[in-house]
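Q: Please walk me through this model. I would like to learn how to read its features one at a time.

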Amino acid sequence: MLSQKNVESVTGIPARVFLHTIRAPGFPLPVTKLGKLRLVRREVFVAYLQALASDRAPRRAPAEDERIGVTAVLAAAGLEPVRQPRAGRASASSGGAMRSRLPPSR
């Protein structure tokens, strides 16, 4: 049996993640409660983790997800993205911007 006390040594999953997983709505495995201790059969839980790992598609980077989302919104509006070179900083160009300073304090 796995509990939040031994799950990290057996599976490498932190206790916090284990508890969050077994408390999630729709968790398909039976959980035995003994006071504050939560127990799950080790073999069944490991098989569940392996099934999760094999079912998931490779994850994309968040920046890629954002780019795909932006492209989809533009396409829905009948537009297409235009590639622009990335600027080093998010500031106005030095050629057209004037720098201002605070007046000297008295």
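The dialogue below goes from the overall layout to the side chains.

A: First, the ground rules. This is a predicted model, where local features need pLDDT of at least 70, side-chain atom pairs count only at pLDDT 80 or more, and totals for chains, interfaces and linings use all residues. Residues are numbered from 1 along each chain as its sequence is written, and side-chain values use heavy atoms, with hydrogens and water left out.

Q: Which elements make up the secondary structure, from the N terminus on?
A: Helices (H or I, at least four residues) and strands (E, at least two) are DSSP runs, numbered from the N terminus. The protein has 4 helices and 2 strands. Their order is α-α-β-β-α-α.

Q: What percentage of the residues count as buried?
A: Buried means under 20% relative accessible area, exposed over 50%, and partly exposed in between (1.4 Å probe, protein chains only). Of the 106 residues, 13% count as buried.

Q: Which residues of helix 2 are buried?
A: An α-helix has 3.6 residues a turn, so residues three or four places apart point the same way. Helix 2 spans residues 15–23, and Phe-18, Leu-19 and Ile-22 are buried there. Down the axis of helix 2, the buried residues fall within an arc of 95 degrees (taken from the directions from the helix axis to the C-beta atoms), so they line one face of the helix. The face turned away from the buried side carries exposed Arg-16 and His-20.

Q: What do the buried residues of helix 2 pack against?
A: Contact means heavy atoms within 4.5 Å. These residues pack against helix 1 (7–11), strand 2 (37–39) and helix 3 (42–55).

Q: Which residues make up the largest nonpolar core?
A: In soluble globular proteins, nonpolar side chains tend to be buried together. A nonpolar core is a set of buried Ala, Val, Leu, Ile, Met, Phe, Trp, Tyr and Cys residues joined through side-chain atoms within 4.5 Å. The largest one here has 10 residues: Leu-2, Val-7, Ile-13, Phe-18, Leu-19, Ile-22, Phe-27, Leu-29, Val-40 and Phe-45. Helix 2 gives the most to this core, with 3 residues.

Q: How many salt bridges does a search of the whole structure find?
A: Side chains of opposite charge can pair when their charged atoms come close. A salt bridge is a side-chain nitrogen of Lys or Arg within 4 Å of a carboxyl oxygen of Asp or Glu. The search finds 2. Glu-43 meets Arg-41 at 3.7 Å, N to O. Glu-43 also meets Arg-42, at 3.5 Å.

Q: Why does Glu-43 count as partly exposed?
A: Glu-43 counts as partly exposed because its relative accessibility is 44%.
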